[in-house]
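Subject: Structure for your review

Dear colleague,

Please find below the sequence and the structure that I am handing over to you. My findings follow, arranged by topic.

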Amino acid sequence: MKYKTRNNRSPQGLQRVFLTGYPDDFAQWLEPISAQILERHNCAVFYEEDPESPADAEIFESDLARMQLIVIPVSSRFLYRDCFARRVVFPFAMERHIPVLPILVESGLSSEFDRICGDLQCLDLNARDETAISYEDKLTRYLNSVLIGDETAKQVRDAFDAYIFLSYRKKDRRFAQELMRLIHRNDFCRDIAIWYDEFLVPGESFNQAIQEAIKKSELFALVVTPNLLEQGNYVMRHEYPDAKGAGMKILPAELQPTDRATLEQHFDAIPACVDSNNQAALADSLAVLLENVAKPDNDDDPTHNFFIGLAYLGGIDVETDYDMALRLIEGSAEQELPEAMQKLVDMYNSGEGVKRDYRKAIEWQRKLADVRKRMFEADPTEDNAIDWFNTLFYLGEALRAVGKPKEAGVVFEKMLHAAEQCQEYGFSFAKRALSISYSNLGDICEAQGGLTEAQQYYEQSLQMFEQLTKETGTVQARRDLSVSYGRLGDICRAQGRLTEAQRYYALSLQIAEQLAEETGTVEAWRDLSISYDCLGGICEAQGRLAGAQQYYEQSLQIREQLAAETDTVEARRNLSVSYNNLGDICKAQGRVTEAQQYYEQSLQIDEQLAEETGTVQARRDLSVSYNRLGDICKAQGRLIEAQQYYEQSLQIAEQLAEETGTVEARHDLSISYEKLGDICKAQGRVTEAQQYYERSLQIDEQRAEETGTVEARRDLSVSYNNLGGICEAQGRLTEAQQYYEQSLQIDEQLAEETGTVEARRDLSVSYERLGGICEAQGRLTEAQQYYDAELKMAEKLLDETETVDARRFISVVYHKLGDICKAQGTLPEAQQYYEKCLKLFEQLAEETGTVEARRDLSITYDRLGSICKAQGRLTEAQQYYEQALQIREQLAEETGTVEARRDLSVSYNNLGEICEAQGRLTDAQQYFEQSLQIDEQLAKETGTVEAYDELAISHYNVGVIAQRVDDKKAHFSAALRIWEQIAEQCPEVPEYAQRRDLAKKALELL
């Protein structure tokens, strides 16, 4: 093996690290990762020049068995292509309990590494921990947890009672290792070291090391085999004569039968050999030769036993013996030696010498925290305070990592208390300790839906980071401050306080721009792109789509450069996200073709990454891309294409759910079922839609029961709503109400628990759905009560958030209340509600210019027109309908979507009815025929039941207004044929049968 050390010194006596990987990765990362390791630890980094073909398999395995750590740069190639490192080295390390440190050189591979290689702690070379624990800090801590430093190694060597010098030919290495084990089978030899280092290279330093080792050794043990008789070997020429010259006691141990006469000829006055197969004889010889050397008084000393345990764990001047090491270290830990307790934590976390067991690691971490606390209380120094704080921190992180956030929160509370005590004592690290404590408590609250508490903690953390930045001005301090601003921005955004969120994101952006300019690192530019994305998201939520587009384009520009420069999976994935963001903007602006182009660029990247890496993340991204393009096709009325995209997404989602079984994978599968249910519903295949929704419900019920998370329960509420919608469409209103009430129950709980904008918005939607059921059943007073409850919620949200969504939401509620008043015959009140809507929608259309805002405005014109029509004010009604028509003609021309053309058809129908009421039958017929022309196109393009139903209505309307009996008969017959087909296709929807009967009666009356 080749090796790297500090200043090219000999590896003798140093801790041993083996670096390997996929050949291309190994070539790329050997130098930088070796440098990172050697910078942090005075060790020897070994490697094979050709990582695929070790020179000697037997020697390689022997050398590998003596490594303290194996480091592997992990890339997609390592995971998905055959290589010696994954096929041979990794399993060997796992079997022998040698710690493995996977360093992710591509982000996003952690879950895939766990799936393919097992659950190991990975370090991500590119990612940065937002709680200010950098990759560099994590690497330092990991190396310190596994490797023994120079000072500790000296303490270990000083703990030995004595040394035996083991002399052997290099080709007899396995016999030397066997003799070491035989010697240490004797209890009285446990604390006696054996000088043995197969990594020495002959030369000046080699000779000096040999001489020094002989001087400090009590016994010269010689491995006797026929190889020892070969002329001119180093043992014959140097080691044995030096030992004789130093007057050492000599123990020749015969490991293979060797000619005695020849042995005496070459080794002057060599004592009689001990047969290694005779354990009793070997023990007797050792007892005589080492008489009065062992020190039994040390046996009860926990520190001494700990150091000897470390020796056997790391193979420091003894053979590696994990069982012996565990007994000694565990015994010292039970005597509450902190160093031993920490070592047990590290061993169980890394799998060093034991089977990895996070539960045991946490048990010992808890015990250690209690000991550290008592030590601080007995002697409140800053060093003891740091030890106590760090122990609590890593205990909390461990609990969070195994999915116990509540227990982690309790530990972080203790950590905060410790940090506050440190501040009282005036310790220098107190500010950073406080900032970390507040940040972690904020994370716990945010994860559990407590956004207000999370915000309070993040604000306290921010205050500390601002002070640290002012005091130090370091890059890390400023980055921590930028991340803090970002966290508060996220909280404000989740609460709907977009102006505050924007202010925090802008502060974060300011720092990110400075750091990108100053450092020019990939990380800094990546952080800057994220800041642009955050501000783009705020603009998008506020309806300022042009501003959002500018931010997203700035982010895109950075990501295109990073993808071109680095070509990493992470860079290309981020580029895909940018394309999606811009696609969303185009979609919101009605530029559906451009949106599709962006989504297709994203899809192209996602397909490449899924093909190259096959990771769960890459395949999930591909599934999401298929869904986005399905959404575009659905919006354009191309339901067959939409279904094809959704089915491609479903295929991936089913594979991932089966492979991983994770909550996220099952959530994605639920969404796929839901989207296909939507398509079936739109196509009138209500029974199939129900089947998809029921599959989605089954998953969501399991997730909600297993996890109890806000997201899982919200998804369950959506599933109940979907099935309620099916029942409502089939006229089964009582069943629909039951589903909606189940949804309401969940939404009320979530609104009470979290208080988020999203939760309260969901609750208001539940009120709206139940109001709709009451309205459909003629229970208008109850419907109004639900809508009034929804209005109170909407008014509160508008007062809190001032978002475009909040203003649109309250307008929709005004619509609903106007509809109720209209149904109750109180038309003036209905008009007042509609006029409130009109005022808000005119503002939104003017401010945002979005397709949605202009469409909402056109709907309001329609409603006001209907009020005027009901009151007999036909001229005013016509004016409102014409304003709606003007908007809809523009939208149909701009977007060409099914929805836009359908709305245009409705406008033509409305104006036709006005003309009919005014007696202008020719004008009425022209409007109805324009509506019919659109409906024919939509039915042919989409094939949905809804489209054919509207086509039948148009035929019926034209039949009513037609002057000639033949024309009437043709249109009534066309309407009848359509309603007969869809009534047969959808027998569960009573309206179609009713309309069929109406068309029959119209024909009979001709």
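Which residue is the bridge partner of Ile103 in β6? The partner is Leu123. Please keep in mind throughout that this is a predicted model.

**The sheet**

The bridge between Ile103 and Leu123 belongs to a pairing in which strand β5 (residues 100–104) and β6 run parallel, joined by two bridges. In general, strands of a sheet pair through backbone hydrogen bonds, in either a parallel or an antiparallel manner. Here, six strands form an open sheet with mixed pairing, in the order β1-β3-β2-β4-β5-β6. The edge positions are taken by β1 and β6 (123–124); each has a single partner strand, so one side of each has no neighbour in the sheet.

**Salt bridges**

Side chains of opposite charge can pair when their charged atoms come close. Across the whole structure, 71 salt bridges were found. One of them joins Glu31 to Lys4, with 2.9 Å between the closest N and O atoms. Because Glu31 lies in helix α1 (residues 23–40) and Lys4 in strand β1 (residues 2–4), this pair ties together parts that are 27 residues apart in sequence. Glu31 is partly exposed, at a relative accessible area of 47%.

A salt bridge also links Lys343 and Glu352, whose closest N and O atoms are 3.1 Å apart; both of these residues are buried. Another is formed by Arg526 and Asp527, at 3.9 Å between the closest N and O atoms. Asp527 has a relative accessibility of 16%, so it counts as buried, the limit being under 20%. Through salt bridges that share partners, Arg479, Glu523, Arg526, Asp527 and Glu570 are joined into one network.

**Aromatic rings**

The count of aromatic pairs comes to 27. In the pair of Phe165 and Trp195, the ring centres are 5.3 Å apart and the planes lie at 5°, so the pair is stacked. Phe165 is buried at 0% relative accessibility, and Trp195 is buried with a relative accessible area of 7%.

The rings of Phe389 and Phe429 form an edge-to-face pair, because their planes are at 75°, with the centres 5.9 Å apart. Phe389 belongs to helix α17 (residues 382–401), while Phe429 is in the loop between α18 (405–425) and α19 (430–447), so this pair ties together parts 40 residues apart in sequence. Ring pairs also link Phe165, Trp195, Phe220, Tyr240 and Phe267 into a cluster.

The charged end of Arg141 sits over the ring of Tyr394, 3.6 Å from its centre, and Arg503 lies over the face of Tyr504, at 4.6 Å from the ring centre.

**Two individual residues**

Gln737 is placed in helix α32 (residues 733–754). Its side chain makes a polar contact of 3.1 Å with that of Arg779. Beyond the residues up to four places away in sequence, Gln737 touches Leu770, Ile773, Gln777 and Arg779.

Asp935 is located in helix α40 (residues 921–942) and is buried, with a relative accessible area of 3%. A polar contact of 2.4 Å joins its side chain to that of Ser954.

Yours sincerely

Note on methods: Residues numbered from 1 in each chain as written. Predicted model: local features only at pLDDT ≥ 70, side-chain atom pairs only at ≥ 80, totals over all residues. Heavy atoms only, no water. Helix = DSSP H or I, 4+ residues; strand = E, 2+ residues; numbered from the N terminus. Polar contact = N/O pair within 3.5 Å; in protein donor to acceptor, adjacent residues only side chain to side chain. Contact = heavy atoms within 4.5 Å. Salt bridge = Lys/Arg side-chain N within 4 Å of Asp/Glu carboxyl O. Buried < 20%, exposed > 50% of the residue type's maximum accessible area, 1.4 Å probe, protein only. Pairing = 2+ DSSP bridges. Phe/Tyr/Trp six-rings, centres within 6.5 Å; stacked < 30°, edge-to-face > 60°. Lys NZ or Arg CZ within 6 Å of the ring centre and 35° of its normal.
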